[in-house]
Structure formats: structure tokens, C-alpha cells
Amino acid sequence: MNNKYKILVVEDESNIRNLVSAMLESNGYRALLAASLREAKLMYDSHVPDLVILDLGLPDADGCDFIKYVRGSSPTPLTPIIVLSARSNERDKVISLDLGANDYVTKPFGEAELLARVRASLRNHRHSADSGKLPGGKFELNGLEIDYDARRIFLCSEEIKLTQTEYNILAFLSEHCGKMLTYSAIIKAVWGERCEDSSVKKLQVNMANIRKKLGIKPGETKYIINELGVGYRMDG
Amino acid sequence: MKNSVLKNCFILISILVSAFFISVLFQNVFSIDEHVSTLFAFAVFLISLTTNGYVYGIISAFIGTLAINYAFTFPYFAFNFTIPVNLISAIVMITIALLTSALTTKIKMQEAIKAENERVKMRATLLRAVSHDIRTPLTTIYGSAESLLSNSELTEEQRKKMLVGIKEDSDWLVRMVENLLSVTRIDSGKVKISKTPIAIDELIDSVIVKFKKRYPSQNVILSLPEETVFVPMDPTLISQVLINLLENSVLHAGDFDRLELRVIKDADSVIFEIEDNGCGIPQDMTERLFDGYFGSNEGLADSKKKNAGIGLSVCAAIIKAHGGKITARNTEKGIVFRFILSVEEENQNEQQI
């Protein structure tokens with residue numbers, strides 16, 4: 001019973017809190033509940049959850065403040081955070097992702113969708129915690145293999161030839177597998193540039209080539225998930 | 001802003017210069033100069049009528065007065081402010097400028113008020129239609145939930161049916177809310193929508209992913225341009241248009257087995273087409289199809305046609321806000337929806353990739 005993942009649900013609407021809690025509990029997770037930023041901080045510090053599901057509209061503060069709190073001062077700053085919000089603007093998504101949220105789920109959402117995101121975030125956290133970029137580090141996801149030392153990519157054991165830039169993008173996504181990465185985060189990591197219209201175009205052209213080389217057709221959610229106007233996420 | 005100043009100055013100069021030359025013509029060829037003041041007064045009137053605000057009219061009145069004084073009254077080609085005729089023509093022209101400008105400004109203001117009124121009216125129509133339409137799914141959700149809570153006699157099958165009903169009608173509400181959000185996104189700023197360059201591949205990808213989530217079994221045949229094309233747009237809104245059109249086929253095309261989404265690159269525009277081989281629509285409907293919700297036709301909202309009204313109206317509004325037009329055309333079998341977005345801007349594909 002003790003090896004259940006602990007998930008902190010920060011949500012001020014009691015109906016949604018109960019719903020999320022029921023979805024999690026019935027799927028083998030332990031849900032901790034908080035209705036305000038104050039409660040969330042208390043729960044976070046005393047229980048050290050494995051993941052946080054966070055609503056942005058809290059009564060005593062903006063949810064973004066909690067992201068800053070977790071990423072900034074707490075002893076476990078890397079705990080995955082999934083934002084749950086009724087705000088569907090690209091700008092709101094980008095802000096919370098750039099603050100350090102791992103993923104963004106828009107209300108209304110279904111059980112299947114929420115659980116998939118929870119699993120992906122937990123898996124990613126485990127993955128980056130133990131493999132990282134150690135020598136001999138390898139990445140594997142449903143037949144996609146990345147050999148970080150040799151800078152080579154294999155799809156079902158067959159090598160895929162990528163350009164340097166394409167490799168860098170894919171490697172960066174894989175290192176943060178399961179996490180939604182904004183355009184600006186990727187551009188900064190790959191080119192070291194500020195995010196502008198021209199660099200976003202450059203990224204999208206490269207991404208189109210990567211998808212073609214990996215044989216991903218439009219509408220397929222294989223390996224790379226595209227969140228229009230926001231960024232990309234690597235996932236099964 | 002700068003453009004309008006330039007345009008106004010151009011109008012002012014060209015009309016004054018024409019007036020000047022015509023006057024010279026009259027004077028030299030026909031040897032009459034009584035009509036010169038009238039001619040300049042007419043020029044001032046035209047300038048006040050076609051430019052914005054008071055400034056240009058008044059400037060032209062001054063220039064006109066000086067020109068008459070200098071060139072067309074004795075002594076010719078010298079200033080002489082002692083003749084009372086000049087003062088009179090100056091007063092007449094400035095009065096003309098002021099009155100005409102005041103009148104045109106007033107007319108323009110009235111037009112703006114009229115447009116605003118129309119928007120308010122459209123919003124009211126929309127609100128009424130939506131509130132009315134929302135009652136139906138709410139009835140299912142409210143009633144089913146209450147029965148499920150209080151009625152223990154229900155069979156397992158009845159319970160299941162009610163839950164399915166709740167789910168379906170919530171889906172309908174979700175779509176309705178998405179469309180309404182799109183409308184507010186167009187409506188909120190009076191300025192044009194903010195466009196960013198979007199790769200067609202990514203747009204279509206996210207649309208198909210979203211569509212597949214709702215209709216997992218519906219296959220969509222895609223045909224896209226080979227190279228990556230960027231089109232300036234509001235991606236959320238254009239996604240909404242494509243989803244609405246695809247959904248429209250699924251919900252209203254009746255019996256069909258082919259749903260196609262084509263994106264064709266043209267010289268300086270991109271053409272989007274959605275085609276199904278379903279039942280099509282009556283020919284006389286193709287024009288009215290897009291103004292179900294926003295038009296004055298209030299009877300339409302009452303009829304039972306689940307979401308088609310608002311969906312297509314929203315499509316038309318979004319495409320219009322992008323500076324395009326959406327059309328529907330019956331084919332031999334089925335219907336094809338088509339809209340065109342301009343590529344404009346600089347669209348050289350950066351080579352230093």
C-alpha cells in the first residue's frame with residue numbers, strides 16, 4: 001500500500017477536486033487534496049508528492065505562484081507538475097510551461113486523457129532521474145532508439161539519417177520525454193537564440209523533416225505530439 | 001496612420017493643382033477670371049469632402065485664398081491684401097471647408113454607430129439563440145443526473161443509456177463553448193486578429209489529432225503540399241474552422257464513405273477544401289448556410305439542426321476576419337467547402353537551416 005504514487009491535487013472547485021481524486025484513487029494512485037495555495041504549500045512540504053495536478057485559478061493566488069514555489073525553493077524542485085485549466089489561450093499555456101510546468105490539460109478533460117498525461121509525466125521523471133546524459137546513455141521509446149554517445153538514431157533497429165540540427169532537436173525532446181516543451185525552450189536549447197517568428201519557422205521546418213524521416217503522418221500521435229502555437233512533447 | 005496622412009495630402013495637392021491650372025486656362029484662353037473664386041471654392045468643397053477631419057479643408061481654403069490673391073486678381077502675380085473681394089472669398093472658402101468637414105465627420109460617425117449597433121444586434125441574436133439551444137442538452141444532463149441519484153428502480157441498461165446521454169450532450173456543450181470562445185476572440189478586439197505564420201503540416205496534424213479524438217472511426221483522406229508552407233493566421237481559429245467543417249460532414253452528410261481534406265498551394269495563397277460524398281444540401285441553401293446564427297433570420301435557431309447553425313456561422317466569421325471568404329458548392333455527389341488564405345508577408349523559406 002505504501003508504494004502507491006502520491007499525487008497532490010490543487011483545485012478550489014470541490015466537484016472537480018472530487019472527480020480528479022476519484023479518477024486517481026480508482027486507478028491505484030493516492031490523492032492528496034488542497035483547495036488553496038496555502039494548503040498546497042503545506043501539503044507539498046509535509047507529504048512530498050510524486051506529482052502535482054494544479055488548477056491555475058486559485059482563490060488566494062494564481063496557480064503559477066505554486067509552480068514558482070515548487071521550482072524555486074522547495075527541496076524537491078523537479079516534481080512533475082500538470083496544469084489543469086479552463087484557460088485555453090496559447091499564451092497561458094506557454095507562460096505556465098516556461099515557468100516549469102511539465103504539461104497542460106485543458107478543461108473539460110476525460111479520465112483517459114488525464115491518466116495518460118499522469119503516466120507520461122511520472123515515467124519521464126523516473127527516466128530523467130536515473131539515466132540522464134551519463135556516458136553510454138541510451139533512450140528507448142516504442143522502437144525509437146537514441147544513442148547519445150554516437151549521436152545516432154534508430155527506428156526499429158534501422159538507422160535514420162538526421163542532420164545535426166534535427167538530431168539536436170530530437171535528442172532534446174527525448175531528454176525531456178513526456179514534458180511539453182515550448183518553442184522558445186527548444187530554440188534556446190538547440191540554437192541558443194531568442195524566440196522569434198523566423199526561428200519558430202526554422203524549428204517547424206526541421207520538425208516537418210524529422211516527422212517525415214520517422215514516417216509520422218499528419219494526425220498520428222507517434223513519438224512527437226504537436227501542440228499548435230505552443231510547442232512539442234515526445235511521447236509514445 | 002501615416003498612410004492616411006499621405007493619402008490626404010495627395011488628395012489636397014492634386015485637387016488644388018488641378019484647380020489652379022483650370023483657372024490659368026480660363027484666364028489665358030477665355031480671358032475670364034470671375035469664375036476663379038467659384039472654382040477654388042469648389043476645390044475646397046471637394047477636399048473637405050474626401051479628406052479626414054477639418055485640417056485639410058482649412059489648409060486648402062487658405063492656399064486657395066492666397067492663390068486667388070496672388071495669381072488671379074489685379075495686380076497679377078503679386079500679393080495685395082487691400083481689396084475687400086479677397087477677404088470675402090477667403091471667408092466663403094473657410095466657411096465651406098468647416099461646414100463640409102463637419103458634415104462628413106458627422107456622417108462617418110453615424111456610420112460607425114450604425115456598425116456598432118449591428119454588432120450589438122448580432123450579439124443579442126447570438127445570445128438568444130445560444131441560450132435557447134443550450135436548454136436541450138441541459139435538460140438531458142439535469143434530468144438524467146437527478147434520476148440516477150434518486151431513482152433506485154432503474155435497470156442497469158436504463159442507467160447506462162442515461163449516462164451515455166449525459167456524455168453526448170456534454171460533448172455538444174463543449175463544442176458549443178469552443179465556438180463561442182472563437183466568436184469572442186474575433187469580437188473582443190476591434191483591431192484585426194493577430195496572425196502568426198503557421199506551418200500547414202502542423203495545423204493539419206493538430207486538427208486531425210483533435211478530430212480523431214472525437215470520431216476515432218472516421219477516416220480523413222489528406223492531401224497536402226510537398227514542401228512546408230507557412231500561412232499567417234490565428235491557429236486556434238483556423239483549427240476551429242477545419243474541425244467545424246469536418247464535423248459538419250460527419251453530423252449532416254448522412255450516408256457517406258469519403259471525407260477529404262485538401263490543402264493546395266497557389267501562387268500567393270493557400271486553398272483549403274473539405275469534401276464529402278454525402279447528401280449535399282439544397283442548392284438555394286448554399287448562400288444562406290453561413291448566416292444561420294448571425295443573420296436576422298431568427299426562426300432558424302428554433303429548428304432542430306444541432307450545432308450546424310453556429311458551427312458554419314462561426315466558420316464564416318473567422319474566415320471573414322482573416323480577409324477571406326468561405327463557399328459551399330454541391331458536387332455530383334456530396335458537397336465541397338472551400339476557403340482561401342493569403343500567404344502574403346515575406347515567405348522566403350530561410351535557407352540557413
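Q: What does it take for two strands to pair?

A: Two strands pair if DSSP finds at least two bridges between them. In this predicted model, strand S10 and strand S12 (residues 231-235) of chain A pair in the antiparallel sense over three bridges. One of the residue pairs joins A:Met180 to its bridge partner in S12(A), A:Arg233.

Q: In what order do the strands of that open sheet stand, and which of them are at the edges?

A: Strands of a sheet pair through backbone hydrogen bonds, either parallel or antiparallel. Here three strands of chain A form an open sheet in the order S10-S12-S11, with antiparallel pairing. Strand S10 (180-182) and strand S11 (223-227) of chain A each have a single partner strand, so one side of each is left without a neighbour in the sheet. From one strand to the next, the twist averages 25°.

Q: How many residues does each chain give to the contact between chain A and chain B?

A: Chain B contributes 24 residues and chain A contributes 18 residues. On the side of chain B that touches chain A, the elements that give two or more residues are helix H5 (156-188), strand S1 (196-199), helix H6 (200-214) and helix H7 (235-252) of chain B. H6(B) gives the most to this side, with nine residues, and the residues of the side as a whole divide into 13 nonpolar, six polar and five charged.

Q: Into which domains is chain B divided?

A: The division of chain B is into domain 1 (2-112), domain 2 (124-188) and domain 3 (196-342). Between domain 1 of chain B and domain 2 of chain B, the C-alpha centres lie 66 Å apart.

Methods
Residues are numbered from 1 along each chain as its sequence is written. Chains are lettered from A and ligands numbered from 1 in the order in which they are written. This is a predicted model: local features need pLDDT of at least 70, side-chain atom pairs count only at pLDDT 80 or more; totals for chains, interfaces and linings use all residues. Two residues are in contact if their C-beta atoms, placed from the backbone, lie within 7 Å. Helices (H or I, at least four residues) and strands (E, at least two) are DSSP runs, numbered from the N terminus. Ala, Val, Leu, Ile, Met, Phe, Trp, Tyr, Cys and Pro count as nonpolar, Asp, Glu, Lys and Arg as charged, and the others, Gly among them, as polar. Domain bounds come from an automatic or database domain assignment. Axes are lines fitted to C-alpha atoms, for helices over the stretch in contact, and angles run from 0 to 180 degrees between N-to-C directions.
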